[in-house]
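Subject: Structure for your files

Hello,

Here is the structure I said I would pass on.

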Amino acid sequence: MTQPVSKNKLPVPPGKSGCPINRTVELLGDRWSMIVLRDMMFGGYTHFRELLTGSIEGIASNVLAARLAKLVSAGLLTRHDDPSHRQKVEYRLTEAAIDLVPVLAQLGAWGARWLETTPELTVRAELLAAGGPPLWERFMAELRATHLEGAPTPRDGVLAELTAAYEAAKS
């Protein structure tokens with residue numbers, strides 16, 4: 001049973017407690033939900049096949065389908081028919097998901113500082129940490145334009161900068 005949805009709250013079932021940290025972990029703390037959101041934000045993936053093949057962690061198709069359904073149901077993603085193909089669906093981030101950019105930036109910065117990581121997968125976290133809130137706000141505005149308004153991904157935006165740094169670190 002879902003709780004009544006008040007203004008600006010996600011439509012998720014009641015948790016074990018009313019603690020905001022616990023509620024967030026219950027929603028996003030499984031192995032794959034944050035990875036799907038990460039791949040949509042930083043990989044620019046919006047289709048099932050892109051998310052399936054683009055994830056370096058190798059998510060199984062049934063797990064991906066379940067996570068996408070969970071994230072849509074929770075109000076973090078929306079699902080849209082793709083006009084280019086009758087059986088293709090496009091997923092887009094909602095404002096609530098876009099609002100997770102600072103959280104992902106902080107998680108990445110913490111992981112880069114305290115865990116063994118690879119340079120090409122760390123460079124984006126380091127750039128986000130160095131850019132701080134001003135860069136996060138620019139990135140969030142870019143995500144709003146592409147996911148909420150349907151604008152094309154800018155060639156000179158934050159995602160392009162992060163991708164270029166990733167590609168340079170791979171070489």
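Predicted model: local features only at pLDDT ≥ 70, side-chain atom pairs only at ≥ 80, totals over all residues.

Histidine 147 lies in helix H7, which spans residues 119-148. Its relative accessibility is 7%, so histidine 147 counts as buried, the cut-off being under 20%. The side chain of histidine 147 comes to 2.9 Å from the backbone nitrogen of leucine 93. Beyond the neighbours within four places in sequence, histidine 147 has contacts with Met40, Thr46, Tyr91, Arg92 and Leu93.

Tryptophan 32 sits in the loop that runs between helix H1 (20-28) and helix H2 (33-43). With a relative accessibility of 12%, tryptophan 32 is also under the 20% cut-off and therefore buried. Residues up to four places away in sequence aside, tryptophan 32 touches Ser55, Glu57, Gly58, Ile59, Val63 and Arg67. The C-alpha atom of tryptophan 32 is 7.8 Å from that of leucine 64, and the two are 32 residues apart along the chain.

The largest nonpolar core consists of 38 residues. Leu28, Leu37, Met41, Leu77, Leu93 and Phe139 have the most contacts inside this core. H2 supplies the largest share of the core, 7 residues. In soluble globular proteins, nonpolar side chains tend to be buried together.

Regards

How values were computed: Residues numbered from 1 in each chain as written. Heavy atoms only, no water. Helix = DSSP H or I, 4+ residues; strand = E, 2+ residues; numbered from the N terminus. Buried < 20%, exposed > 50% of the residue type's maximum accessible area, 1.4 Å probe, protein only. Polar contact = N/O pair within 3.5 Å; in protein donor to acceptor, adjacent residues only side chain to side chain. Contact = heavy atoms within 4.5 Å. Core = buried A, V, L, I, M, F, W, Y, C linked by side-chain atoms within 4.5 Å.
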